[in-house]
Amino acid sequence: YSAFSVSDGRAYTLGHENGTETVWCLDAENGSELWSHTYPGELNDNLHTGGPAASPTIAGNRVYTLGKAGQLFCFDAAEGKVLWQHNLTELLQVPVPEWGFACSPTLVDNKLIIDAGRVVALNAETGDLIWRTDPFRAGYGSPVPFTHQGQTLLAVLNNDALLVLRLSDGEIVARTPWTSDFVTTATTPIVDGNRIFVSTGYNTGCALFELADGKLNQLYRNRDMSNHMNNCVLWQGHLYGFDGNSHNARTVRLVCMDANTGDVKWSQRGLGCGSLMLAGGKLIALSDEGRLVVLAASPQGYEVLAEQEVLDPTCWTMPVLSGGRIYCRNDAGDAVCVDVRPEGK
């Protein structure tokens with residue numbers, strides 16, 4: 001379930017086979033292997049026994065990856081040399097979450113921020129510990145940095161609460177309880193100015209909070225946007241995302257919601273429990289059955305601009321656009337690159 005991360009002609013992702021995990025670096029144009037790094041990594045004994053779920057993070061000449069059991073690596077991006085590594089269960093004295101670690105590392109001000117049962121800040125150059133929070137039930141999304149009243153803060157959604165932390169020392173600035181059934185909070189907060197939107201699955205629904213005076217004040221909450229695994233995207237005052245759960249994919253809706261009020265503008269079934277991203281005012285969605293669809297990002301209605309079957313089921317990993325190519329994968333490890341550049345370019 002690790003998405004592709006693409007930079008400088010290289011595409012990075014993670015996978016699993018026969019009790020090992022592998023970090024792959026592929027040629028972004030033709031898919032050939034440039035380098036790989038393999039290490040022991042058993043699958044979770046769980047309902048969905050997929051491999052790694054965190055996507056690589058690229059920064060300059062380095063790439064950071066997190067394995068399902070907390071295997072954190074910093075690689076030289078071009079050559080694949082391990083520059084430093086940690087096992088987060090040992091470093092932080094935390095258990096492996098039920099579904100494994102899934103946080104894609106966030107890099108800000110030379111600090112590598114990870115939600116791993118504690119939120120931790122590491123020196124991105126050396127891997128040295130800078131700070132860590134008290135323990136909590138880990139979420140499966142990623143921290144989001146933002147600026148508020150001259151301070152750099154972090155929004156973190158775990159399985160206990162929505163937290164706002166100070167980047168410099170990890171202190172809690174604000175928090176509000178947030179839980180979901182089956183301890184499955186798997187999404188990343190969406191920050192817009194001083195407002196933070198969150199959504200989680202199993203009919204938990206969504207809410208919009210405003211950060212003011214050290215408090216998170218709820219502006220609305222409803223069950224019309226219940227993201228199971230993949231995030232909404234925010235565009236021109238509207239949120240687009242999948243409402244529903246993977247175990248009943250036929251009832252899942254793609255929903256357009258007014259971000260300020262929570263009012264639903266339109267909804268459409270047919271893509272299952274899919275994923276999406278935003279580019280150039282368009283939505284790029286991948287259905288759970290492997291259909292790649294480009295849609296108008298408009299509150300006026302559901303409009304398909306292009307579509308193509310690209311993979312076999314099951315696809316829960318978001319498509320990634322880079323350099324006029326869309327990179328997709330399924331949970332069996334099949335990967336496909338779709339060229340969407342205009343002819344002659």
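**View 1. Phe182, an exposed aromatic residue, and its partner Tyr202**. In this predicted model, Phe182 counts as exposed because its relative accessibility is 58%, where exposed means over 50% relative accessible area and buried under 20%, with partly exposed in between (1.4 Å probe, protein chains only). Local features need pLDDT of at least 70, side-chain atom pairs count only at pLDDT 80 or more, and totals for chains, interfaces and linings use all residues; side-chain values use heavy atoms, without hydrogens and water, and residues are numbered from 1 along each chain as its sequence is written.

**View 2. The aromatic pair of Trp178 and Phe209**. Among the 11 aromatic pairs found in the whole structure, Trp178 and Phe209 are edge-to-face, because their ring centres lie 6.3 Å apart with the planes at 85°; rings of Phe, Tyr and Trp (its six-membered ring) pair if their centres lie within 6.5 Å, and planes under 30 degrees apart count as stacked, over 60 as edge-to-face and the rest as tilted. Both Trp178 and Phe209 are buried.

**View 3. The aromatic cluster**. One aromatic cluster is formed by Tyr12, Trp35, Tyr39, Phe73 and Phe75.

**View 4. Lining of the largest cavity**. Ile190, Asp192, Arg195, Phe197, Leu208, Leu234, Leu239, Ala259 and Asn260 line the largest cavity, a cavity being a set of points on a 1 Å grid over the protein atoms alone where a 1.4 Å probe fits but cannot get out, with lining residues having an atom within 4 Å of a point.

Key: 1 Å grid on protein atoms, 1.4 Å probe; cavity = no way out; pocket = protein on both sides within 12 Å on 5 of 7 lines; lining within 4 Å.
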